[in-house]
Number of protein chains: 2
Amino acid sequence: MSLYQAPLKDMQLLLQHALERTGVRDLPAFADFDDELIGAVLDEAGKFANGELAPLNSIGDTQGCRFEDGKVITPDGWKEAYQQFTESGWTGLALPEEFGGQSLPKFIAQPVNEMWLSANLGFIMFHALTQGCSEILLHFGSEEQKARYLEPMISGQWAVAMALTEPNAGSDLGSLTTKAIPQGDGRYLIKGQKIFITYGDHDLTENIIHFVLARTPDAPAGSRGISLFAVPKYRIEADGSVGESNDVACTGIEHKTGLHGSPTCSISYGDNDACYGELIGEENRGLMAMFILMNEARLSCGMQGVGFGEVGFQRALEYSQERTQGSDYRTGERTLIANHPDVVRMLLSIRSEVMGLRSLGYLIAAMIDKSEQCDAEESQALKARIALLTPVFKGCATERGNLMAGTTIQIFGGMGFVEETGVAQLMRDARANTIYEGTTGIQARDLVFRKVQLDKGAALTALLEDIDAVAARLAESESLATLAEQLSSASALMRAAIGQIIDKDNADLLQLNAGGVPFMDALGTLCCAWQLADIALTAEAKIAQGDDSDYHTNLVALTEFYFSYSVPNIEAGLKTFNQAHQGVGRYRFDL
Amino acid sequence: MSLYQAPLKDMQLLLQHALERTGVRDLPAFADFDDELIGAVLDEAGKFANGELAPLNSIGDTQGCRFEDGKVITPDGWKEAYQQFTESGWTGLALPEEFGGQSLPKFIAQPVNEMWLSANLGFIMFHALTQGCSEILLHFGSEEQKARYLEPMISGQWAVAMALTEPNAGSDLGSLTTKAIPQGDGRYLIKGQKIFITYGDHDLTENIIHFVLARTPDAPAGSRGISLFAVPKYRIEADGSVGESNDVACTGIEHKTGLHGSPTCSISYGDNDACYGELIGEENRGLMAMFILMNEARLSCGMQGVGFGEVGFQRALEYSQERTQGSDYRTGERTLIANHPDVVRMLLSIRSEVMGLRSLGYLIAAMIDKSEQCDAEESQALKARIALLTPVFKGCATERGNLMAGTTIQIFGGMGFVEETGVAQLMRDARANTIYEGTTGIQARDLVFRKVQLDKGAALTALLEDIDAVAARLAESESLATLAEQLSSASALMRAAIGQIIDKDNADLLQLNAGGVPFMDALGTLCCAWQLADIALTAEAKIAQGDDSDYHTNLVALTEFYFSYSVPNIEAGLKTFNQAHQGVGRYRFDL
């Protein structure tokens, strides 16, 4: 059974869609990234994902990481794969050439990342860290810091870790207590315990740079008193070589239900009062720096959800076309389970979510690229939309990634419950996805309060206008007109919900807090419907031109499926949002 | 952290509700089972579940069963717990006194079973087998067979196993190929391979009686040619003692993602042509016998879903009242996560499903008891309703059990992903629940075609009349009137859907097959809403009487929550059902 094949055709289609809708390649900065170049990069990445990373995925799950004598040992094959990955230049794909990267736009990096995430998430988690911490340095680092860290990070010589969480500071970073005491020579003495540090220790590189959130002695309480420090595992000599230990100790790794190949470490900084770090950016502005990385990480989490769905779909489709069971509902003859309408329903429920969410993920990446190069007015509008869609994408794609993993197991039947088929690993690996980088509830709060209420619904209203425009095009279409009314009435219901959020004086805080997740879920479904409808309209034109008609006919069918199967949930979700204060406020758990 | 506390108060409430609604204790056969007796049994069972079974649950998960030298070794503590369980008489709780049982009604056995399932499902899976196979013998066994098997089974001296599945015959039992060749002396030579046999081998008892489905030489093809045989692991001597090996060999156990404490065996019968069995009932009628057990097992699966939800709720509630994170949305002060409305939403989503589904499960048990003792006309109506509700309960409670396990992990945040908290085990253990004893898709097909279409919607229409009656009572209520319209309009939508199913000439087979699961899900939610509304009406009366007002006020709040949070999904599910043929039929996977 094949483990994973990068779905290059679907990826190309949705990438083209994102490029056309944003027009990002009309900007001079991106004019050189033509279809040929994109095709070549995706092809190469696909080969590496399919051939090198995917085969290691179940080894990582079965062996897991080990913690022995204070050191973390990664699974068999991890070291070789890391070397190949970094030597092939994948680490710096979207990072500046100046520091050894390849300066490709995010719209290319996004599908490439999706391949890594699908093929072997447990392995590749280090990559998003390097990407995100590099961007922090590019934004906030001094020239000296950039010179010191960026090249070895981007070449893969050094790895990085993000040390945020403490036992009493998870979702609520403002409560962290790790200390950073200035030494008067530019160095800070770091002291504290961190947990849940992904790739906090391992045997892949000669050094690991920890990006640690900590408090200076006079820092204000809460999240306004947090600073960011670069804390190497081994000290860095003046010539850039790796020196003695910096009093950074791994004290254990978590025994997790999934992602066994990714070491999740507890780290103790400064047990012997000999752990030194340097400040990145300004004091007390650490959380702002972290948010750059956090937004990047949230988009990556959303792509993980897409990636889990894609793998699940491929595995389930293949199994359904091999497994004979039951009889065909038309003929009564023994048949492949792929011919049972209920199995088709499950397969399409995964495929439609994957295509809708993937389209959204690629669109966001292209918007980020464009927002960094276009004029100020358009950039502001794009940034507002990116800010709006980030929690929706993170929240919905991760929740659905879990559901899709469950559906995959369901299609496998009893064999899905047996570890050897590998689909139970999907479920286990996916389970943290709705938790790390901000739980679903936190995404919903970010959406409702910061992304909708704060700008008085402007960004969401603008989005709904674009959705209405697609609905209008649907109405004029020959074969898709029946979907128009569904899309525009869902959009109208969403518009009505905005009113309840932005009227700050009358907004029911209990409702907004309790109903945030159903609201976000409804918006996520609406966004997928919008993307799929737009894709179906393009497909309809292709069919009329006789261009790859079978493939495009399937895209139309997929969109019709989504409208019949998922779009009705928008109204239900918004009804729930409207009534969300009922029962929640009256129930008393203390009885 | 407490592992499980049998929720006796909730159980008593819902059991009383079921007793009142069915009036089962008005029948002379059940008049003796007064509240005092019920209370005493539930108390004792609670002590055993909390004190003996729950503490073994994580040991079973961590150690798992081992397969060594052709033998299955159960986890530490399994043997002692088995001995205590059987010696305390729990095995035969609802089986005839004549054979060593206690002849208690199912309405008492149901909450007792729920406790076992919540406390340690991996351990207790043998129990449903003994219960179900005993009923098969009581229905179909000869007097000699009853005498031979029932007492040692009910005393726990012998265990039983159900050998149905073969590599190519899972959901589709009609395809099985295990042979049974009559020997002319009443014995049959059994030869074949079976897989996924729960407790197919173990070290708990001196003998294991396998109930094996097989084909005689001249049997017709398909499911009408299947016979049932009792095949002991060790032959039984004329005096009832255990003799030599009966050529029944365990060839391995599955490496499952959950339920590690329950050995899932591959069994080879007759490798040396020396495996003998005896026919139970008539030749070629084996599937009919199995369906008795299957219906029982499906109700047990539904209770497992309730059981997972209950444990998850208890664990998540406790954690939410210990874990401080984030700030109160009203005061801005650091707070327990139990005070975040989104966490309350998650807790109540579990609790409301548990209470609604549990009520349904207890009601079905009381209906079964009544149907066996009341007059023929009422019995027929009850049996039709039980038949209707069985797939709904199995299908919905198991799917929701999985969702509730996921929600529990979500409330635990990062700690939920770490195995030590035990909630990841819930997710893993629950995952087979939607698959074994008939997948969710099979439940939906049973519901749509056999339980609705075949009787022209009579049983479902009768159910909707009862639901409408509750809606009418809601409308007259002072505080619950706002829920009446929601319930009656959901009922009306369901009634409209019946039309599409029963009009056999015009029914769209593709729609009914592809939309069965959304239809069933909508009906499941409607049934829970019905139960919760009825419970809230009773609670309202209690509040008016000043009887335990706080508890009953919470029940009203819980019902309001369910109506705001879950009831909107009924309309969405039925819309999906109405449009279910769209997209499913047009999409082609073979491109």
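Tutor: We can go from the overall layout down to single residues. Keep in mind that this is a predicted model.

Student: What domains is chain A divided into?

Tutor: Domain 1 of chain A covers 142–150 + 157–285, and domain 2 of chain A covers 440–578.

Student: And how many Å separate their centres?

Tutor: Taken over C-alpha atoms, the centres of domain 1 of chain A and domain 2 of chain A are separated by 41 Å.

Student: Ok, cores. Which residues have the most contacts inside the largest nonpolar core?

Tutor: Those are A:Trp116 and B:Trp116, and the core they belong to has 384 residues. Apart from that core lies another, of 20 residues, among them A:Ala180, A:Ile190, A:Ile197 and A:Ile208.

Student: What is B:Trp116 in contact with?

Tutor: Leaving aside neighbours within four places in sequence, B:Trp116 contacts B:Ala45, B:Phe48, B:Ala49, B:Leu53, B:Phe85, B:Trp90, B:Leu121, B:Ile124 and B:His127.

Student: Switching to helices. How do helix 5 and helix 8 of chain A pack?

Tutor: Two packed helices are described by the angle between their axes and the distance between the axes. Here helix 5 (residues 106–140) of chain A and helix 8 (residues 341–371) of chain A pack at about 145 degrees, with axes 8 Å apart. Helix 5 of chain A passes helix 8 of chain A in a right-handed crossing.

Student: Which residues make that contact?

Tutor: On helix 5 of chain A they are A:Lys106, A:Phe107, A:Gln110, A:Pro111 and A:Glu114. Helix 8 of chain A brings A:Arg358, A:Gly361, A:Tyr362, A:Ala365, A:Ala366, A:Ile368 and A:Asp369. By class, the contact of helix 5 of chain A with helix 8 of chain A has six nonpolar, two polar and four charged residues.

Student: Is A:Lys106 buried or exposed?

Tutor: A:Lys106 counts as buried because its relative accessibility is 15%, and the cut-off for buried is under 20%.

Student: What does A:Lys106 contact?

Tutor: Leaving aside neighbours within four places in sequence, A:Lys106 is in contact with A:Gln131, A:Glu135, A:Glu296, A:Ala365, A:Ile368 and A:Asp369.

Student: Over to chain B. Where is B:Gln110, and what does B:Gln110 contact?

Tutor: B:Gln110 is in helix 5 (residues 106–140) of chain B, and at 9% relative accessibility B:Gln110 counts as buried. Leaving aside neighbours within four places in sequence, B:Gln110 contacts B:Met303, B:Gly361, B:Tyr362 and B:Ala365. B:Thr178 is 68 residues away along the chain from B:Gln110, and their C-alpha atoms are separated by 34 Å.

Student: Where does B:Val584 sit?

Tutor: B:Val584 is found in the segment after helix 18 (568–578) of chain B. B:Val584 is buried, with a relative accessible area of 5%.

Student: Which residues does B:Val584 touch?

Tutor: Not counting residues up to four places away in sequence, B:Val584 touches A:Pro341, A:Val344, A:Leu348 and A:Phe561 in chain A, and B:Leu510 and B:Ala514 in chain B. B:Gly515 is 69 residues from B:Val584 in sequence and 9.9 Å away in space, C-alpha to C-alpha.

Student: What about A:Thr440, buried or exposed?

Tutor: A:Thr440 is buried, at 4% relative accessible area, and is found in helix 12 (residues 440–453) of chain A. Not counting residues up to four places away in sequence, A:Thr440 touches A:Gly395, A:Thr398, A:Glu399, A:Thr434, A:Val517, A:Met520 and B:Gln410.

Student: Backbone next. What is phi of A:Phe196?

Tutor: Phi of A:Phe196 is near 60 degrees, a positive value in a residue other than glycine. A:Phe196 is in strand 5 (residues 187–198) of chain A and is partly exposed, with a relative accessible area of 23%.

Student: And A:Asp247, what is its phi?

Tutor: A:Asp247 has a positive phi of about 60 degrees although A:Asp247 is not a glycine. A:Asp247 lies in the loop between strand 9 (242–245) and strand 10 (248–253) of chain A, and counts as buried at 8% relative accessibility.

Student: Last one. Where does A:Thr86 lie?

Tutor: A:Thr86 lies in helix 4 (residues 78–87) of chain A, and is buried with a relative accessible area of 12%. A:Thr86 touches A:Thr91, A:Ser155 and A:Gly156, not counting residues up to four places away in sequence.

Notes
Residues are numbered from 1 along each chain as its sequence is written. Chains are lettered from A and ligands numbered from 1 in the order in which they are written. This is a predicted model: local features need pLDDT of at least 70, side-chain atom pairs count only at pLDDT 80 or more; totals for chains, interfaces and linings use all residues. Side-chain values use heavy atoms; hydrogens and water are left out. Domain bounds come from an automatic or database domain assignment. A nonpolar core is a set of buried Ala, Val, Leu, Ile, Met, Phe, Trp, Tyr and Cys residues joined through side-chain atoms within 4.5 Å. Buried means under 20% relative accessible area, exposed over 50%, partly exposed in between (1.4 Å probe, protein chains only). Contact means heavy atoms within 4.5 Å. Axes are lines fitted to C-alpha atoms, for helices over the stretch in contact, and angles run from 0 to 180 degrees between N-to-C directions. Helices (H or I, at least four residues) and strands (E, at least two) are DSSP runs, numbered from the N terminus. A crossing is left-handed if the near helix is turned anticlockwise from the far one by less than a right angle, and right-handed if clockwise. Ala, Val, Leu, Ile, Met, Phe, Trp, Tyr, Cys and Pro count as nonpolar, Asp, Glu, Lys and Arg as charged, and the others, Gly among them, as polar.
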